[in-house]
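Hello,

Here is the structure for your files.

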Amino acid sequence: MEKLLKDLLMSDGVSGYEENVAKIMTVALSKSCVSVEIDNLGNVIGKSGRGEGKKIMIAAHMDEIGMAVKHINEKGFIYFIKIGGINDSILPGKTVEIINKKGKHITGIIGTKPPHLMTPEEAKQSLKHDSMFIDIGLSSKDEALKVVDIGDQIIFEPAAGILNGDFYYGKAADNRISCYAMVKVMETLAKSKDLNTEIYACATVQEEVGLKGGKTSSFKINPDFALIIDTTVAGDMPGIDEKVSALKLGKGVAITMIEASGRGTIVSQKVRKLILEAAHENNIPHQIDIIDGGMTDGAVIYTNREGILTGILSIPTRYIHAPASVFNIKDVNSAVDLAVKTIEKAAEKL
């Protein structure tokens, strides 16, 4: 696994706490951009290209789902809130890391009342996160407050590696694999001498809690065209019918056309045609994504100002919003290839 990809997957960056990911992205984008800045909200914005032509924006969000410390009881157990969409059922027994204000990582285990001690009524009920707590191996509130404070971010135990062949796994694959892809896109475009346009690479913040960074960064840039790179739900696993999701790992990047049954982005016919032509003309493996739930930064970008032409490329991923996800590096590479060709075509035709 390439170092940049692994560093991004292993880094901590719950929504609102993206500073360490921003540092990685700033260094990475500096290699291909003429300037890189961090705006007031925390978005990393790299600029490349010449100013005579159109302005094109690429967006990939940096933040991951996670938790934050809400309360510490007298015995040193820590209660938390969720940040982003997490299914409560995956939480019991998970190893987490609380990152304090000094940057130290404190290991903890999410605990709950064992089934042996539950009443029959309790056993019938689904577990809720507000009845869970984190055990960091201390016995009092005073001890805990020496290393942890209210508001500290909590991440799932970092993990990243190669599962088998082209199948990779990692924490925060949503959406660090797209941040990695965006860096690769910018490196490729920087080598082009014929691209007469300004390219803005935006590593956005707080997507998981309201698409916030995409809204502010696109307002600032006001691009002629925006291309979002994100992940999407793969359907090639037990329990998912193809009519719900037919996306498969290793079969190419997904071209997302409709998000959240239309509550999110509905990509215009003009942009659909542009991306599909780029895929077919360059023989880039791709799939089509029409998704019932979930949306990307595209939902706020394409409705910003007077409306911005926006396309979405999504990398199929298993187990999104879980402690670790599985993806195929071939799909990441096809996302890079299609993003480059789409931007080249957009600069010429839009």
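**Cores, strands and pocket**

In this predicted model, the largest nonpolar core has 72 residues, and Met25, Ile58, Met62, Val185, Leu338 and Ile343 are those with the most contacts inside it. Leaving aside residues up to four places away in sequence, Val185 touches Ile58, Ile229, Val336, Ala339, Val340 and Ile343. There is also a second, separate core of 19 residues, with Leu91, Ile110, Ile154 and Phe156 among them.

Next, the strands around β6. Strand β6 covers residues 95-99, and four of its five residues are buried. β6 pairs with strand β7 (residues 105-111) in the antiparallel sense, over five bridges; Ile98 stands opposite Ile106 in β7. Five residues lie between the strands in this hairpin of β6 and β7, where Gly103 takes a positive phi near 85 degrees. β6 also runs antiparallel to strand β9 (residues 153-156), joined to it by four bridges. Within β9, Ile155 is the bridge partner of Glu97.

The largest pocket holds about 570 Å³ of space. Its lining has 32 residues, and Thr232, Val233, Ile291, Gly293 and Gly294 lie nearest the centre. By type, the lining of the largest pocket divides into 12 nonpolar, 11 polar and nine charged residues.

Regards

Methods: Residues are numbered from 1 along each chain as its sequence is written. This is a predicted model: local features need pLDDT of at least 70, side-chain atom pairs count only at pLDDT 80 or more; totals for chains, interfaces and linings use all residues. Side-chain values use heavy atoms; hydrogens and water are left out. A nonpolar core is a set of buried Ala, Val, Leu, Ile, Met, Phe, Trp, Tyr and Cys residues joined through side-chain atoms within 4.5 Å. Buried means under 20% relative accessible area, exposed over 50%, partly exposed in between (1.4 Å probe, protein chains only). Contact means heavy atoms within 4.5 Å. Helices (H or I, at least four residues) and strands (E, at least two) are DSSP runs, numbered from the N terminus. Two strands pair if DSSP finds at least two bridges between them. On a 1 Å grid over the protein atoms alone, a cavity is a set of points where a 1.4 Å probe fits but cannot get out, and a pocket is an open set with protein on both sides within 12 Å along at least five of seven lines; lining residues have an atom within 4 Å of a point. Grid points are joined across faces, edges and corners, and a volume is the space filled by probe spheres set on the points. Ala, Val, Leu, Ile, Met, Phe, Trp, Tyr, Cys and Pro count as nonpolar, Asp, Glu, Lys and Arg as charged, and the others, Gly among them, as polar.
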